[in-house]
Structure formats: C-alpha cells, structure tokens
Amino acid sequence: MTQTTAASTPSVWRQPAQVWAVAFACVVAFMGIGLVDPILPAIAESLEASPVETELLFTSYLLVTGLAMLVTSWVSSRIGAKATLLVGLALIVVFALLCALSGSVDAVIGFRAGWGLGNALFISTALATIVGAASGGSGAAIVLYEAALGLGIAVGPLLGGILGEQSWRGPFFGVVVLMAIAFIAVSLLLRGPSEKRTPVPFSAPFTALRRPALAILAVAALFYNIGFFVLLAFSPFPLGFGAMGIGFAFFGWGVALAVTSVWVAPVLMRRMPRTRIILVVLPLLAIDLVVAGLVVDSAAALVACIIVGGLLLGIMNTVLTEAVMEATDLPRSVASSAYSAVRFLGGAMAPPIAALLWHLFSATVPYLFAAVAVLLAALTVFLGRRALAHIDDEPADPAAEDAQAIVVGDAA
C-alpha cells in the first residue's frame with residue numbers, strides 16, 4: 001500500500017450504506033471468476049460434454065466480457081453509474097438463473113456469454129462508484145475495493161465446491177440469490193450521480209490501441225492471460241478431485257493471488273521499475289507452468305504449482321494494470337477498456353485450446369503451451385521496453401493510481 005492509502009485505512013470501515021452495497025456486489029461479482037471451476041468435471045459428466053465443450057464456459061464469458069469493455073465507458077457516461085450497475089447486476093441474475101436451469105452444455109455456454117456482458121457493465125463502473133461515495137478519501141476506498149476483490153477471488157472456488165457437491169446447478173443458483181440481494185441493496189441505497197456526465201466517444205478505446213505503449217502492454221497481457229487461464233480453467237480436469245477438493249485447491253490459489261496483488265506488488269513497485277518486475281515474474285511463472293506439466297500426474301504437486309502460480313499471478317495482475325495506467329495520457333477508463341478487450345481474448349482462447357491439446361497429446365502439453373505463451377508475453381515487453389520506459393517513472397498521485405489500476409486487471 002502507498003502511504004496515502006495507509007493513512008486512510010483507519011476510516012475504511014466507516015462507510016455510507018451505499019458503499020457497502022456496491023462493495024458486497026463486488027465480492028459476488030469477483031466470486032464469479034472462479035465459481036465454475038470446481039464444477040467443470042461435473043458439468044462435463046452430467047451434460048455429456050467433452051472437456052473442450054465444457055471449457056467454452058470460460059470462453060463465452062471472457063470473450064463477451066472483453067468485447068463489452070470496449071463500450072462500457074460509452075454506456076456509463078450516458079446513462080450514469082447507478083443505472084449501469086443495475087443493468088449489469090440484472091443481467092448477471094437473469095443469465096445465472098438460465099445457466100442453472102439449462103439442460104445442455106450449449107445452453108450454458110450461451111448464457112455464460114450474457115453473464116459476461118453483465119459482469120463487464122458492473123465491474124467497469126463499481127470502483128468509480130465506491131471512490132466517489134466513500135468516506136475517508138480515496139485511500140479508504142482503495143482498501144475496501146481491494147478487500148472485496150481478494151475476498152471474492154478466494155471465496156468463489158470454495159463456494160463453488162460446497163454448492164457443487166450437491167449439484168452442478170448449485171453454484172449458479174447461489175449467484176442468483178446473492179446478486180439479487182446486491183441488486184436490491186444498490187437500487188435502494190445508492191444515490192444517483194450528481195456530477196455532470198461527460199460523454200465518452202464510442203471510438204475512444206479503438207483509437208487508444210494506436211498508442212505504441214498501450215498496444216505493447218495489451219499484446220503482452222493477451223499472452224499472459226493464456227497462462228493465467230490454462231492454470232485456472234484447465235487444472236480441475238487433471239487434478240481428478242471432486243467439487244469440494246477442487247474448491248479447496250483454488251481457494252488456496254485465490255488467497256495467494258489476493259495476498260500478492262494487494263500487499264506484495266505495491267511493495268515491489270516502490271523498489272523496482274515496473275518493466276523489471278514484469279521481466280522477472282513472467283519467466284518465473286513460465287517455470288512454474290513447466291513444472292506443473294511435468295508433475296501433472298501427482299495431485300499434491302499440481303496443487304502446489306497452482307498455489308505458487310497464484311502468488312505470481314497476483315503480482316502480475318497489479319503490476320501490468322498499473323503499467324497500463326502510466327502508458328498513455330488518455331483517460332484511464334478508456335485505456336482500461338482498450339487494454340481489457342485485447343487481454344481477455346487470451347483468456348477466452350486458452351481453456352478450449354488446452355483441453356484440445358490434452359485430448360490430442362497429454363495433460364503435460366497444455367501447461368507447456370501456457371509456458372510458451374507467458375514467455376512470449378515477456379519477449380513482447382522486452383522488445384518494446386523503449387516505448388515503455390516512461391511507465392517506470394514514479395506516479396504523482398500513488399493512491400489515485402492504485403485505485404485506477406485495480407479496476408480491470410484483477411477482475412479477470
């Protein structure tokens with residue numbers, strides 16, 4: 001944490017009800033990232049789907065989330081933050097319910113796409129809402145948002161495992177109930193925006209990718225996300241655990257990711273240039289993925305690699321998105337939208353490719369594929385380091401930078 005953040009920490013728990021309403025919804029939204037992880041094998045068995053088909057649950061969700069990020073700033077700048085939040089929450093409730101009631105894997109894949117649209121609308125607006133309404137300054141808002149992020153990422157797989165022990169439909173019904181509560185809380189407690197809205201041009205995120213520094217980071221993040229989602233979305237299959245076992249394994253992963261993203265990454269960035277951190281951590285992640293592929297037949301060893309991967313992924317999430325915020329002089333919502341749209345493509349393609357490589361070769365090959373992708377991310381940053389030289393400068397307002405950096409990178 002920065003000094004500004006730390007100074008604001010004592011007041012973090014003294015917040016208006018509207019802040020708590022949005023924070024609760026954030027926890028549930030971030031839980032959705034890993035919620036389906038423990039039930040992937042169960043869905044494949046119950047709906048008679050192949051692993052490749054089952055992994056498309058991640059692809060449809062992430063692809064639509066990424067594409068929707070290109071228009072969320074345009075939407076929220078016109079209808080306002082509260083309306084955007086409520087539309088996002090409503091879409092998640094509707095499509096999670098449809099997932100729970102589905103009778104085929106194709107239907108679940110399609111409804112997960114609708115869920116991704118709702119998630120993009122909600123997540124892209126939530127941080128700005130918390131920062132605008134929180135008491136105690138931006139530092140308190142950052143701490144609260146980071147706490148919601150970490151709790152959601154860690155608890156999602158565990159809750160998915162607990163509910164998934166009863167039925168693969170259980171986690172989806174759980175999301176419906178929690179998000180419906182969040183919708184009611186936000187609609188009753190969150191006041192509408194009082195500030196004047198400044199419409200964002202529809203083309204803004206597209207033109208942003210013409211900036212060399214932003215384009216380099218977006219391409220690097222695309223390759224990095226392949227490694228991220230092979231580890232997250234493919235690993236439940238070779239683990240061979242039941243829903244509860246997978247839930248506990250990825251609960252450890254989520255806790256590790258949250259700890260390093262919230263505490264370790266800021267400490268490293270105060271001591272090292274961002275590009276150096278990236279060029280150190282990415283090769284370490286590639287080594288972890290190679291080891292995971294070599295020990296894939298040992299469940300205990302694979303779990304250890306998953307948790308170590310979580311530690312490295314947490315650092316990378318925060319550092320990469322902090323770098324994006326420093327990459328251009330564009331409005332941060334525009335830079336984040338453009339960056340996210342590209343990086344989510346990596347997350348969307350990785351799970352089914354990993355399952356296909358498993359089917360064609362062995363469970364080792366998907367992890368080797370992920371390791372190569374991560375090394376390509378490092379190579380992209382290395383070759384583009386001159387265009388990225390300015391991102392290693394110390395930001396003028398660390399608290400504001402932390403707040404903006406977290407909004408996109410850690411939500412994927």
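The secondary structure of the chain consists of 17 helices and zero strands; helices (H or I, at least four residues) and strands (E, at least two) are DSSP runs, numbered from the N terminus. The model is predicted, so local features need pLDDT of at least 70 and side-chain atom pairs count only at pLDDT 80 or more, while totals for chains, interfaces and linings use all residues. Residues are numbered from 1 along each chain as its sequence is written, and side-chain values use heavy atoms, with hydrogens and water left out.

Of the 412 residues in the chain, 59% are buried (buried means under 20% relative accessible area, exposed over 50%, partly exposed in between, with a 1.4 Å probe and protein chains only). The chain exposes about 14900 Å², of which carbon and sulfur atoms supply 69%; these areas come from the Shrake-Rupley method with a 1.4 Å probe. Among contacts (heavy atoms within 4.5 Å) between residues at least 6 apart in sequence, 87% join residues at least 24 apart.

**A helix pair**

Helix α10 (residues 212-234) and helix α14 (residues 299-327) have axes that come within 11 Å and cross at roughly 165°. Axes are lines fitted to C-alpha atoms, for helices over the stretch in contact, and angles run from 0 to 180 degrees between N-to-C directions. The crossing therefore makes α10 roughly antiparallel to α14, a term for angles over 145 degrees. On the α10 side, the contact includes Ala213, Leu217, Tyr224 and Phe228; on the α14 side, Ile306, Gly309, Met316 and Asn317 are among the residues involved. By class, this contact of α10 with α14 has 14 nonpolar, two polar and no charged residues. Here Ala, Val, Leu, Ile, Met, Phe, Trp, Tyr, Cys and Pro count as nonpolar, Asp, Glu, Lys and Arg as charged, and the others, Gly among them, as polar.

**Two residues**

Leu101 is found in helix α5 (residues 81-101), and Phe344 lies in helix α15 (residues 332-360). Leu101 counts as exposed because its relative accessibility is 56%, whereas Phe344, at 2%, counts as buried. Beyond its neighbours within four places in sequence, Leu101 is in contact with Arg169 and Phe173. The table gives C-alpha to C-alpha distances for one pair involving each residue.

| Pair | Separation in sequence | C-alpha to C-alpha distance |
|---|---|---|
| Leu101 and Phe173 | 72 residues | 8.9 Å |
| Phe344 and Phe229 | 115 residues | 10.0 Å |

Conventions. Parallel < 35°, antiparallel > 145°, perpendicular 65-115°, else oblique.
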